[in-house]
Amino acid sequence: MQLRPILSTLRHHKLTSILLTLQVAFTCAIVCNVVFMVAKRVERASVATGIVENELSVIHSSGIEKNENKQARNQADLAALRAIPGVTSVAAVSYSLPLNHNSSSRGVCPDQASLQRAMQQRSADGTSCMTPSIYDGTPGLIDTLGLHLVAGRRFQPDDYVVGMGHTPAVAIISSALARRLYPNQSALGKDMYLGHSVIRVVGIVETLLRPSLRDPGTEGDSMLWPQLPDLSGVTYLLRSAPGDRRRVLEAAEAALLKVSASRLIDPRRVQTYTQIRHDYFQRDTTMIGLLVASASGLLFVTALGIAGLANFWVQQRWRSIGIRRAVGATRGDILRYFQGENFLIVGAGIVLGGVLAVLLNLLLMAHYELPRLPLWYLPIGAAVLWVLGQLSVLSPARRAARVPPVAAMRSA
Amino acid sequence: MVGYYIHMAARSLRRNPVLTGLMVLAIGLGIGASMTMVTVLHVMTDDPLPGRSAQLYTPHIDPLPLDYKQDGGGPDASDNLTWPDAMALLTARRATRQAAMAGGNLLLRPDRAGVRPFYVAGRYTSADFFTMFGVPFVHGGGWSAADDAAGAQVVVLTETVARKLFGTADAVGRTVRLGEHDYRLVGVTTDWAPKPLFYADNVGNQYSDADQFFLPFSVAVNQDLQVSGNQSGWGKDESASKRSDTTTWLQFWVQLDTPAQVAAYRQYLVDYSAQQKGLGRFQRPPANAKLYSLMGWLAHENLVPTDVRLQLWLALGFLFVCMVNIVALLLAKFLRRSGEISVRRALGARRRDIFVQFGVESALIGVAGGALGLAVAQLGLWSIRQRPDDYARLAQMDASMLLGTLMLAVLASMLAGLLPAWRACRVPPALQLKAM
């Protein structure tokens with residue numbers, strides 16, 4: 001390929017070439033960061049909860065009778081729900097479920113010494129104490145949620161205490177919490193210290209996500225307590241075949257009102273677990289859509305810009321192309337000339353764009369808590385833009401290659 | 001002359017319909033995306049109480065102990081006031097008007113057959129609330145300071161709730177059963193809700209929340225009613241009551257009419273903090289006491305989600321790339337007409353004439369792009385209204401935004417045309433003629 005004529009032509013159109021280079025550079029910088037943000041959001045929104053999401057239905061009921069016997073009510077409600085055809089398992093919790101935002105958490109320490117330190121400095125910072133989320137619930141919760149018990153045992157009837165005012169003596173914890181609380185040793189049978197109580201770990205479940213994912217790195221820190229819900233509001237969980245869930249929810253609402261009408265059932269809190277998950281990540285899915293749309297928009301505009309400009313240049317150089325053809329240049333030479341010119345401009349844009357992408361990423365890191373852009377995004381972004389540039393210049397370059405040598409004779 | 005330029009510009013644009021379409025499309029998309037997000041940000045940061053906001057202030061004092069550790073993601077414990085501090089500010093009456101307040105959810109039990117009980121969100125507050133914020137009443141009115149002091153069982157409802165409860169808004173004097181107690185209805189307001197609900201504790205729904213009832217906050221304290229919003233305590237006693245001096249849960253707003261009053265109130269807050277420090281109740285410097293104006297408070301609370309800001313920057317970045325694109329295309333287009341420019345210049349056109357001619361052509365692209373941008377922005381706002389976020393329903397364009405969109409489009413395209421037009425008007429007359 002002859003670079004000399006290309007370079008001298010570009011020198012002739014300095015300003016226009018610089019502008020096109022700039023456009024490619026900015027597109028490269030923005031698209032690299034946007035794709036990175038999309039990847040981060042997709043990663044966030046596809047986190048595993050550890051429960052059988054597509055088999056669960058959730059219904060919340062709040063009692064309006066002041067002196068209601070909550071235990072008797074829960075028993076009666078659960079019996080009625082269990083009788084619904086298609087329901088394989090039911091359980092009640094106070095309010096916490098993975099990804100439903102309603103979290104209750106307590107500081108727990110792996111040993112007495114770190115508890116003392118944490119109490120002294122009024123914070124768990126710098127100690128080996130954690131603040132995992134607590135899931136209470138009735139017997140059968142583990143099987144209703146479909147949790148995978150990897151070690152230890154389930155709760156036994158005499159493990160259970162009533163209401164949040166009482167702390168149980170045993171707990172089942174997530175394997176993530178087990179690893180963080182007792183690194184390099186088995187958590188099973190260990191004692192956890194919190195306030196004035198000691199809780200023994202009797203079981204470990206594989207995964208159990210928290211109700212809200214606020215602090216990075218602690219998303220899986222959770223524990224199950226054998227603690228019966230005892231509030232006026234209660235959340236019931238029903239497990240059934242995925243296709244049955246709509247029908248089960250309708251039947252559940254009717255069944256609960258039949259047991260007792262002195263309750264409120266907010267229609268917005270009668271939902272499948274799939275909806276709960278969807279609601280939690282709704283902002284992320286919106287953002288993913290917007291990011292993808294703007295990245296494609298940018299690439300589209302840039303491709304059109306390259307094609308438009310190349311078209312212009314072909315028209316402008318009609319006569320000089322004719323002269324080159326007349327003095328012996330082949331069609332392939334002309335085609336390669338335009339392709340080479342595009343390759344150079346896009347190449348310069350990509351080099352500049354790589355630098356800009358890193359700068360933009362630094363800016364985003366400072367203001368939007370975005371992690372560092374992995375550098376392997378840059379060569380991929382470069383390759384995409386090169387291909388895009390070649391594709392958009394193809395049609396104008398072909399037109400140029402078809403210019404007959406006789407054009408040299410005609411006036412422009 | 002301008003008419004002639006417009007005619008020429010239209011001819012030139014028609015000569016390359018694809019290129020013209022491309023430029024209009026680029027500017028339309030860029031402007032549309034940007035104006036969608038600018039509009040969202042505009043409605044989210046708009047003045048919630050036009051005409052009154054300039055006189056409204058919220059005092060903040062710092063009662064926290066020195067060793068209190070702020071939980072990173074949690075709410076600031078000193079954002080709200082404790083009950084003793086709120087009562088002190090209320091009884092000092094140093095402002096034209098002042099009111100303490102907190103939010104609450106109560107179960108409303110209608111007396112009418114066929115209406116099931118339902119939860120309503122409302123506010124526990126004091127007498128000046130209604131006059132200070134200019135709450136419009138349909139029937140009756142607010143309660144008096146004497147009612148506050150006596151803990152009178154009175155309630156104010158909004159029109160919608162009153163109709164649901166009694167079938168009519170004209171129900172002053174009737175009895176309302178809220179939670180476990182009966183209250184006498186003294187006033188019915190219109191369905192009034194500033195956007196955002198600036199006086200409410202920051203719990204994330206200020207753009208969609210509205211108060212449906214109002215009760216004296218002395219009643220809420222006496223009857224220990226449920227309080228929503230942030231309640232932060234740092235006392236040793238875990239069962240902190242509402243009257244505790246180590247639990248913050250009340251918001252406070254004052255009306256100050258003159259700059260002198262504002263300065264005096266600011267000084268009063270520092271003096272009060274110093275006095276409390278002298279008594280051993282406060283530990284932190286009295287200068288921590290602050291007085292925020294309404295708009296200053298909203299800026300401090302920063303209600304706009306980071307995602308929305310990010311979307312705005314994304315849209316502006318998109319517009320910027322579109323503009324660079326248009327500059328390049330216009331430059332190529334104008335310079336290709338060097339021959340035509342030379343002829344015009346040789347025939348006596350001044351540089352300025354050439355410049356204006358190409359400026360008009362860029363502006364024409366801007367007008368077309370602006371029209372397309374408006375359509376794109378309406379589409380964008382429609383899609384934002386479909387989001388379940390609490391600000392979504394506010395995403396509407398007003399007349400000023402409509403005009404702003406068109407102006408921005410024309411401005412952007414003229415800016416983009418500036419460099420190409422300047423280059424074009426510097427084409428020398430004779431040189432190009434030779435080449436023809």
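**Notebook: chains A and B of a predicted model**

I began with residues 376-394 of chain A, which are 95% helix and 0% strand, with end C-alpha atoms 28 Å apart. The model is predicted, and I keep that in mind for each entry.

I then looked up where this span comes from. The UniProt entry, which is unreviewed, lists it as a "transmembrane region", along with residues 20-39, 287-314 and 343-364 of chain A. I checked residues 343-364 of chain A as well: this span is 100% helix and 0% strand, and its end C-alpha atoms are 30 Å apart.

Next I took a wider annotation. UniProt, again in an unreviewed entry, places "domain: ABC3 transporter permease C-terminal" at residues 297-405 of chain A. I found 84% helix and 0% strand over residues 297-405 of chain A, and the end C-alpha atoms lie 39 Å apart.

I turned to chain B and counted its elements: it has 14 helices and 12 strands. I compared its radius of gyration, 30 Å, with the 22 Å that the globule rule gives for 436 residues; the value is well over the rule, so chain B is more spread out than a compact globule. Along its principal axes the C-alpha trace of chain B spans about 100 × 60 × 35 Å. I also noted that 42% of the 436 residues of chain B count as buried. Among contacts in chain B with a separation of 6 or more, 77% are between residues 24 or more positions apart.

Then I looked at where the chains meet. The contact takes 31 residues from chain A and 32 residues from chain B. Which elements give two or more residues to the side of chain B that touches chain A? I found α2 (17-44) and α10 (306-336) of chain B. The largest share of that side, 19 residues, comes from α10(B). By class, I recorded 19 nonpolar, five polar and eight charged residues on the side of chain B that touches chain A.

My last entry is on α2(B). This helix has 28 residues and reaches 40 Å from its first C-alpha to its last, close to the 40 Å expected at 1.5 Å a residue.

Note on methods:
Residues numbered from 1 in each chain as written. Chains lettered and ligands numbered in written order. Predicted model: local features only at pLDDT ≥ 70, side-chain atom pairs only at ≥ 80, totals over all residues. UniProt positions renumbered as here; feature names shortened; annotations may be inferred. Helix = DSSP H or I, 4+ residues; strand = E, 2+ residues; numbered from the N terminus. Contact = placed C-beta atoms within 7 Å. Nonpolar A, V, L, I, M, F, W, Y, C, P; charged D, E, K, R; others polar. Expected span 1.5 Å × (residues − 1). Rg over C-alpha atoms; globule rule 2.2 N^0.38 Å. Buried ≥ 20, exposed ≤ 12 C-beta atoms within 10 Å, placed from the backbone.
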